[in-house]
Amino acid sequence: MRRTAASAAALAGALLLAGCGSGGDAGADLSVSGAYMPQPVSDMAAGFLTVANDGGAADRLTSVTSDVAGSVTLHETVGSSMREAASLEVPAHGRLVFRSGGNHLMFEMLKRKPKQGETVDVELHFAESGTVKVAIPVKPATYRPADGH
């Protein structure tokens, strides 16, 4: 019984983190993995995830929204500088990676501080694929994933 419940929970989590574009090689085919937010220590927080595009057309992440923050902005790292980006490309047959020390989501004006073990609901808005909903788990403030992302 426990194994079945764990399998169902894993499947539900995978479905919640996956988003579909138009599918096939004709368009973008997006999925999201590796999402996490270190528990915030101030009124700001960072978010990290990977958007994979298995389709034959590029797409652009144009904005992110969440009810936990007054605003969520896209930040890119170029060289050693961080700057806000209006949008970021998800290349055909490629990935857009948000990781510590690199591109990231910045949650500003937090309405509440999410705690470790909770999830933060976000909506990723793409130019071609529409909206993809993601539940981002809150991890310890010092969390670093095994794969480095």
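The turns that follow take the strand pairing, then the charged pairs, of a predicted model.

Q: What makes β4 and β8 a strand pair?
A: Pairing needs at least two bridges. Six bridges join β4 (residues 69-78) to β8 (residues 104-110), so they count as paired. The two strands run antiparallel, and Thr73 stands opposite Met106 in β8.

Q: How do you know that β4 also pairs with β5?
A: The requirement is at least two bridges, and β4 and β5 (residues 81-85) are joined by five, so they pair as well. These strands also run antiparallel. Val78 has Ser81 in β5 as its bridge partner.

Q: What do β4 and β5 form, and which turn residue has a positive phi?
A: They form a hairpin with two residues between the strands. Gly79, in the turn, has a positive phi of about 65°.

Q: How many salt bridges does a search of the whole structure find?
A: The search finds four. Three of them are taken up below, including the pair of Arg60 and Glu89.

Q: Why is the contact of Arg60 with Glu89 called a salt bridge?
A: The side-chain nitrogen must lie within 4 Å of a carboxyl oxygen, and the closest N and O atoms here are 4.0 Å apart, so the contact is counted. The pair links distant parts of the chain: Arg60 is in β3 (residues 59-65) and Glu89 in β6 (residues 88-90), 29 residues apart.

Q: Why are Arg60 and Glu89 called partly exposed?
A: The class runs between 20% and 50% relative accessible area. Arg60 has 33%, so it belongs there; Glu89 has 41%, so it does too.

Q: What makes Glu118 and Arg112 a salt bridge?
A: Their N to O distance is 3.0 Å, which is within 4 Å, so the pair qualifies. Glu118 is partly exposed at 31%, and Arg112 is partly exposed at 40%.

Q: How do you know that Lys133 and Glu123 form a salt bridge?
A: The closest N and O atoms are 3.9 Å apart, within the 4 Å limit, and therefore the pair counts. Lys133 in β10 (residues 130-139) and Glu123 in β9 (residues 119-126) are 10 residues apart, and the pair links distant parts of the chain.

Q: Why is Lys133 called exposed, and which class does Glu123 fall in?
A: Exposed means over 50%, and Lys133 has a relative accessible area of 54%, so the label applies. Glu123 has 28%, which lies between 20% and 50%, so Glu123 is partly exposed.

Note on methods. Residues numbered from 1 in each chain as written. Predicted model: local features only at pLDDT ≥ 70, side-chain atom pairs only at ≥ 80, totals over all residues. Heavy atoms only, no water. Helix = DSSP H or I, 4+ residues; strand = E, 2+ residues; numbered from the N terminus. Buried < 20%, exposed > 50% of the residue type's maximum accessible area, 1.4 Å probe, protein only.
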